[in-house]
Amino acid sequence: TVEKPLSEIGFFRSAPDRVYPVRITVQSSSGAAKPIDSHMVFFAQPPEVPLQVALVIPLHSPSMYRRGTQPNVVTSSSLSSAMDDGRLDRIVAAIEKNPDTPISISPTGLLIDMVGDLSNGFEFMNKGRRQTIESTDLRSVGAAQFLERLKRLAGRPATKTIAAPYSAAYLPGLVRNNLAGRAQDQVAQGRRRIQDGLATAPLEEWLVPSYGPLDERTLSEIRRTRVSRLLLDPQTVRAGSGPQLTPGLPVSLETRSGEVQGLLADPGLTSRFSQPEGVGPVEARQRFLAETATILLEAPARERAVAAVAPLTWSPSQDLAEIIITALGSAPWLKLSTPDAILAEFSDELVEQDLAPANVAREAGPEPPPAEYFLEIQNAQEAINDFAEMDPPQSRQALLAQRLLIAESADWWRSEEEVALGQSFAESVRPAVRSEFAKIDAPRRQAITLTSREGKIPLIIGSRLDYAVDVVVRLDSDKLSFPEGSEKKHRLQPRQQTLEVPTVAKASGTFPVLVRIETPDGTQIASSNLDVRSTAFNVVAVAITTGAAIFLVGWWMVGLARRRLTHRIA
């Protein structure tokens, strides 16, 4: 270690506080080493008003399920690698080594679910061969340990947990394609998985969007989910509508469903999380610290705060995450805080800003896939709604819903091949629902005889499902009426059962009856025809004919007796 007191450098005896570029050269008699260019943060005295920094680190990994035709089979090992001495392990380890440093983490629900799935044992596709990985396997054990680490982090007093869209969906893309309900579900499921998977409540009403700026429509839809506090991309606000320097204060935005407040992520700090090729971790740290000092020196006497939001898939080197977090916690010109604390402290100084035009969010966000992609998502949602109408177990609905949530991830939007993979998850939903419907059997065609005007039609309905569902049985016939109604709601159990429907015949003869089994909202599941033969009116006809014959015979006999009586008198 080579040290030189600044007092020995005449320039710094009266130098102003600022960030100085520094070139360091090591020379010897045989020549000089390649110079190192860095940044030196110089303050003659620690600033009286430190810059508050909210450090927010998203935790996410793209789906390890890569085939919609096999949505529950792991076909990518990227998550396992990230947890096993990879980027996620390095980030979590860095946070663990700074237990008293205020840090906010934003894990996606998909990450939590995938780690949980791996920890329980899983099906893995390796070179075309399907393998069963038991929960005792080292990969599953490692996933279980990583999940426990996340739980401990989320439960630390110094750590705040903020929800994100479940699968890193680009919310404006969903809203613009008439899928506002799906955007809302991404937000709701992201919060729910933190609550259930990490056993902690995320910051109330807060959200970290995964990609790009948000437009007014999207903010309005998010607001309906009771989210009113956000970490925002700076392009969300109209350029020039606020202070020209780095504002460093919370903003207030008006939407059609109410006000939202938030912190604008500082783009300079976000860019400094990266480590350019050829730049070591210490140099990368100095660039990050220099950026914070530059922001402070824009208005050194003013109370200010900024949000430093790491990239969604931040991949720091072995040491970078730790030394950045450690430096932020110890730099004398900085004060680490959390978004909620900053918003509370500066609640009286909210900066009202205008939202950027909708086309800004559209152009700044990721390139959307074709319209067919969103149409498949809409079709999948309708199929899930039809299935949910039957009130199946929540676990069955959740499996289908997760496919749709995965399909909505903007991780798939990087190439045509990736888009096709993401779309396959949405496309798999309707066949899965049809497969469940196909396990419900309508009555087989059979002949049923009614010997009186009133009777009951026995309907033998079969279910090869292993759970109960609600169905509606509908009967349609021109020759029969149904005193209790032509439709009957029934809780169908997982077995064959007989349902009797009271009926009244309107005529005699043989005629078909259409039997349809539907979901409660009217989606047809199965149908069949029954042949009903009514003999009730034949019996009446015979009685009338017989009575008429008796009457005629009696009339003839009375007439004959009168003729004989008349003949005798004559």
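Mentor: A helix pair

Helix α3 (residues 109-119) packs against helix α4 (residues 138-155) at an angle of about 140°, and their axes are 7 Å apart. Axes here are lines fitted to C-alpha atoms, for helices over the stretch in contact, and angles run from 0 to 180 degrees between N-to-C directions. That angle makes α3 oblique to α4, since angles under 35 degrees count as roughly parallel, over 145 as roughly antiparallel, 65 to 115 as roughly perpendicular and the rest as oblique. From α3 the contact (heavy atoms within 4.5 Å) uses Val 115, Gly 116, Leu 118 and Ser 119, and from α4 it uses Ser 140, Ala 143, Ala 144, Phe 146 and Leu 147.

The model is predicted: local features need pLDDT of at least 70, side-chain atom pairs count only at pLDDT 80 or more, and totals for chains, interfaces and linings use all residues. Residues are numbered from 1 along each chain as its sequence is written, and side-chain values use heavy atoms, with hydrogens and water left out.

As for the whole protein chain, its secondary structure comes to 17 helices and 26 strands; helices (H or I, at least four residues) and strands (E, at least two) are DSSP runs, numbered from the N terminus. The C-alpha trace spans about 170 × 55 × 40 Å along its principal axes. Of the 570 residues, 49% count as buried, meaning under 20% relative accessible area (1.4 Å probe, protein chains only). Among contacts between residues at least 6 apart in sequence, 73% join residues at least 24 apart.

Key. Buried means under 20% relative accessible area, exposed over 50%, partly exposed in between (1.4 Å probe, protein chains only).
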